[in-house]
Amino acid sequence: MIEELLMAVAGAGAAAAVYAGAAARVVKQYERGVVFRFGRLRGRVRSPGFTMIVPVVDRLHKVNMQIVTMPVPAQEGITRDNVTVRVDAVVYFKVVDPADALVRVEDYRFAVSQMAQTSLRSIIGKSDLDDLLSNREKLNQGLELMLDSPAMGWGVAIDRVEIKDVSLPETMKRSMARQAEADRERRARVINADAELQASKKLSEAASVMSDQPAALQLRLLQTVVAVAAEKNSTLVLPFPVELLRFLERATPDAKPDAASHTPHRAPEREIPSLLDDADAYPRSRTAAAEDAIEDLTGTSVEPAPAPPRED
């Protein structure tokens with residue numbers, strides 16, 4: 001009798017151990033347990049730690065409550081200013097209601113991923129290229145609002161959305177580089193022009209002061225000599241006062257250059273009368289003078305032409 005009792009106790013203990021092994025569950029700290037009994041949701045969410053369920057009747061689903069980092073695949077789109085870009089992002093979200101995350105949506109991870117891709121393409125189409133490059137914080141906030149509105153009904157809260165990278169075509173990159181270079185060159189020219197304007201004003205003021213005090217110019221020249229001598233070079237600079245040049249210019253009388261000293265000596269030209277004129281028109285003395293002139297010029301003697309006979 002005692003043996004049968006002991007065997008019954010041992011059998012009951014073994015059955016209890018098997019039941020406890022089948023009913024015992026452990027929920028980790030970052031998880032929450034959702035129990036379905038015959039397919040129906042039990043109202044209480046199991047907290048972290050040791051918990052028990054009814055074997056065969058209950059089903060325990062553990063939901064991770066940690067923040068999930070999900071990369072959004074790169075999406076190609078055309079911006080509002082007709083530029084083709086490729087944008088990828090990353091979404092940070094977590095489950096705030098484990099029951100809704102299991103009941104209201106089939107796979108909340110896949111749903112958030114697809115919704116993020118669609119919202120990202122919508123943001124690309126509504127934004128300009130400059131906004132995508134320089135105003136990302138505002139776009140991140142808008143994208144977060146677009147994701148958070150439907151995700152709250154799934155028991156999911158969007159923690160943060162970040163646009164990670166914006167890829168541009170090579171032609172657009174070269175155009176932007178030329179634009180940036182031209183803008184920097186424009187600013188450099190404006191700065192140089194402003195510096196020249198300020199320097200001209202200061203030089204004008206300095207000239208007015210030096211005109212009142214001529215000795216100031218001499219002091220400035222001496223400072224220049226000191227600056228040149230400090231370089232330890234072999235060049236000696238001797239400034240020549242401009243006032244000395246003006247003094248010499250006023251002291252020198254006006255002299256006209258001698259034309260004879262600059263022009264070469266030329267023999268006096270003699271008038272050579274024409275020998276073909278009528279002998280009556282030119283007397284013998286003039287004809288002889290012409291012959292002498294020809295002889296002087298050519299070095300040969302000229303025989304006088306016979307005079308035509310005259311009719312009595």
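**Make-up of the chain**

Author: The chain has 10 helices and 8 strands, where helices (H or I, at least four residues) and strands (E, at least two) are DSSP runs numbered from the N terminus. This is a predicted model, in which local features need pLDDT of at least 70 and side-chain atom pairs count only at pLDDT 80 or more, while totals for chains, interfaces and linings use all residues. Residues are numbered from 1 along each chain as its sequence is written, and side-chain values use heavy atoms, with hydrogens and water left out.

Reader: What percentage of the 312 residues count as buried?

Author: A residue is buried under 20% relative accessible area, exposed over 50% and partly exposed in between (1.4 Å probe, protein chains only). Among the 312 residues of the chain, the buried share is 21%.

Reader: Which strands stand at the edges of the open sheet of 3 strands?

Author: The sheet has the order β6-β7-β8 with antiparallel pairing; two strands pair if DSSP finds at least two bridges between them. Each edge strand has a single partner strand, so one side of it lacks a neighbour in the sheet; these strands are β6 (68-78) and β8 (156-167).

Reader: Which residue in β8 is the bridge partner of arginine 86?

Author: Strand β7 (residues 84-95) runs antiparallel to β8, and 10 bridges join the two. In β8, the partner of arginine 86 is serine 167.

Reader: Which strands does helix α5 touch where it packs on the sheet?

Author: Helix α5 covers residues 136-151, and its direction makes about 140° with that of β8. Such angles run from 0 to 180 degrees between N-to-C directions, with axes fitted as lines to C-alpha atoms, for helices over the stretch in contact (heavy atoms within 4.5 Å). The strands that α5 touches are β7 and β8.

Reader: Is threonine 79 buried or exposed?

Author: Threonine 79 lies in the loop between β6 and β7. Leaving out residues up to four places away in sequence, it touches residues including Val85, Ile124 and Leu132. Because its relative accessibility is 3%, threonine 79 counts as buried.

Reader: How far from glutamate 31 is the nearest side chain of opposite charge?

Author: Glutamate 31 lies in strand β2 (residues 31-37). It is buried yet has no salt bridge, that is, a side-chain nitrogen of Lys or Arg within 4 Å of a carboxyl oxygen of Asp or Glu. Lys and Arg count as positive and Asp and Glu as negative, with His and the chain ends not counted. The nearest side chain of opposite charge belongs to lysine 62, at 4.5 Å.
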